[in-house]
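Have a look at the sequence and the model, then read on.

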Amino acid sequence: MASEPIAGEKLKLEFRLGLTPARRSLRWAKERLIEAGLFLAAASSVLVTLGIVGALGYESSTFFAHVSIIEFLTGTQWTPLSADARFGILPLVSGTLVTTTVALAVAIPVGTVCAVWLSEYASHRTRELVKPALELLTAVPTVVFGYFALLFVTPLLQRVIPNLPGFNMLSAGLVIGVMVIPYVTSLSEEAMRSVPLALREGAYALGATRIQVAWRVVFPAALSGISASYILTVSRALGETMIVAIAAGMQARLTLNPTEPAATITAYIVQVSLGDLVHGSIGYQSIFAAGLVLLLMTLGLNILGFLIQRRYREAY
Amino acid sequence: MLVAAHPRRRRWLDAAFLILGAALIVLSLGTLAALLLDLLRDGLSRLSLEFLTSFPSRKPDQAGVKSAIVGTCAVMFVTAVTALPLGMASGIYLEEYARKNWRTAIIEINIANLAGVPSIIWGLMALGLLVYALGLKRSILTAGLTLGLLVLPIVIVATREAIRAIPQGIREGAYALGASKWQTVRHHVLPYSMSGILTGAIIAMSRAIGETAPLITIGALTYIAFLPPSPVTSSPPFVSLSWLDSPFTVLPIQMFNWVSRPDPRFQANAAAAGVVLMFITLSMNALAILLRYRSRRAIRW
């Protein structure tokens, strides 16, 4: 008789907790184990970063044991593979800056106008159709863009500029520019569409036209998001490799003239990788030093973009 | 001053901008069309079953992309096995488990920064770390791991966005029925966000298929006229992983090899390889767009 209420109590307890104590602690352990596993997966991305910084830092440090940083940053000749080796990074930096500038001269005006148009002028249906189509531009493999620059755009340009060399930074820069248009457009359009409708309505109530609302109300209000999209675009253009390696030539030359051939930082890394690389040679180490410069440039831009977004964010 | 302008002039400006915007969009999409047509014009004559089933050759008319296609499949398998579980687990942790503290902040900033690292830098990391420090050589394993880590941020971001779209009520319903956190994630959050995660996974893989620079950096541009050893063997245990150590080539590398030769007959081969490559990446992207469109229509919370 006495055992029945106890069994009943136990049953009630079990019902209240859902599980027996043994199963409860098993379940607790399992939950903790899964959480720990998921945390390790997320934390592994930090290891990847350490791997990148470590690999570039280590090989560069051996490079800078042979080459002075002053010569590296101010030298105007880059010939690490020849007998009379010179290690001035400036020609590679100038090549990178010229192709990036040409690319931005295309992508920023075109991308911004497209973004304003999509956000303020296009119907919902047009936008849903055009945006994914534009984003296909980022889906094209860059080696295909390189082919296009070398064998389609350059011959086309040679009709306008007769003595344009077969390899030139202009054609590579133009093609990079088209490739990165969707980065400007997508992010800027999203920033502009998140501007509240009331701002537009207020301007319309004051008698503004659509173009005035777009450029004088919506555009400034979305400026933090738009500048972030520009910065992402710059960093993409700086790091672009295959298009310049195929179409801009592989000779390091200190020039600011886009109609000349010249190597970028990325093209130099490709050029060295194509040859038979002796592990530990100065040529091998030089691509890590060049890569480190590129990484620092893009990292600086990322931080700048982050700061701009935080500093100038309009809160609605 | 636009405000002061005459009403008629303002309307004219408005119409002009409408046309300018449309023209620039047509121009951008027109460039994409020109690129496709140019590839097809140059490459279609070389494109045949023979091209797909021949090894690369010194003779341009006999060269094909057999080893490149097999290499692309093998490398993509390793990439998927690396990036998808790791990326999904990271996304689940950051959305469902992570508390707002400095540890989470570091991981989030880190992932945002990784997404902005140029692809050639990944190649340098792979060369210094995987090829030499870990001694993995210039193998399918090295290439797959490199590309897997490169697209990891894409998978993480897609997973997080898909999970974030699920209403809190779904989770609360599961908890109310006594489900644990993992049970809620496993039986509710993950299945409902699967189409979004899958879309991101397809985009990530299509990006990896077209990547060339990081693989050139690890030294993959070599003449490969053989296939990696088969993963299935005739003697027990019937599965072999020796293919992971094999040298390889992939489609974009094969295309780069051909495009950088002056002989126009090799450039026709490059165009044909480009057509194959574009066919693969564009169909993957079309599939992703279709998936996104359908899941947006099918689910109403």
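Is the crossing of helix 3 of chain B and helix 6 of chain B right-handed or left-handed? The crossing is right-handed, where right-handed means that the near helix is turned clockwise from the far one by less than a right angle, and left-handed that it is turned anticlockwise.

A word on conventions comes before the points. Residues are numbered from 1 along each chain as its sequence is written, while chains are lettered from A and ligands numbered from 1 in the order in which they are written. This is a predicted model, where local features need pLDDT of at least 70 and side-chain atom pairs count only at pLDDT 80 or more, whereas totals for chains, interfaces and linings use all residues.

1. Let us stay with that helix pair. Helix 3 (residues 66-97) and helix 6 (residues 140-164) of chain B have axes that come within 6 Å and cross at roughly 35 degrees. Axes here are lines fitted to C-alpha atoms, for helices over the stretch in contact, with angles from 0 to 180 degrees between N-to-C directions. Their contact has 21 nonpolar, eight polar and four charged residues. Ala, Val, Leu, Ile, Met, Phe, Trp, Tyr, Cys and Pro count as nonpolar, Asp, Glu, Lys and Arg as charged, and the others, Gly among them, as polar.

2. Chain B as a whole has 11 helices and zero strands; these are DSSP runs numbered from the N terminus, helices being H or I with at least four residues and strands E with at least two. The C-alpha trace spans about 65 × 65 × 35 Å along its principal axes. Of the 301 residues in chain B, 45% are buried, that is, with 20 or more other C-beta atoms within 10 Å of their own; 12 or fewer make a residue exposed, and counts in between partly exposed, with C-beta atoms placed from the backbone.

3. One residue of chain B deserves a look: Lys137(B) has a positive phi of about 60 degrees although it is not a glycine. Most residues other than glycine have a negative phi. Lys137(B) sits in the loop between helix 5 (119-133) and helix 6 of chain B and is partly exposed, with 16 other C-beta atoms within 10 Å.

4. The two chains meet through 73 residues from chain A and 73 residues from chain B, a contact being two C-beta atoms, placed from the backbone, within 7 Å. Helix 2 (residues 21-66) of chain A gives the largest share of the chain A side, 21 residues. That side has 48 nonpolar, 19 polar and six charged residues.

5. In chain A, the axes of helix 12 (residues 265-274) and helix 13 (residues 282-311) come within 9 Å and cross at roughly 155 degrees. Helix 12 of chain A is therefore roughly antiparallel to helix 13 of chain A, as angles over 145 degrees count as roughly antiparallel, under 35 as roughly parallel, 65 to 115 as roughly perpendicular and the rest as oblique. This crossing is left-handed.

6. Gly280(A) lies in the loop between helix 12 and helix 13 and counts as exposed, with 11 C-beta neighbours inside 10 Å. Gly249(A), in the loop between helix 11 (242-247) and helix 12, is buried, with 23 other C-beta atoms within 10 Å. Not counting residues up to four places away in sequence, Gly249(A) touches Phe167(A), Pro261(A), Ala262(A) and Ala263(A).
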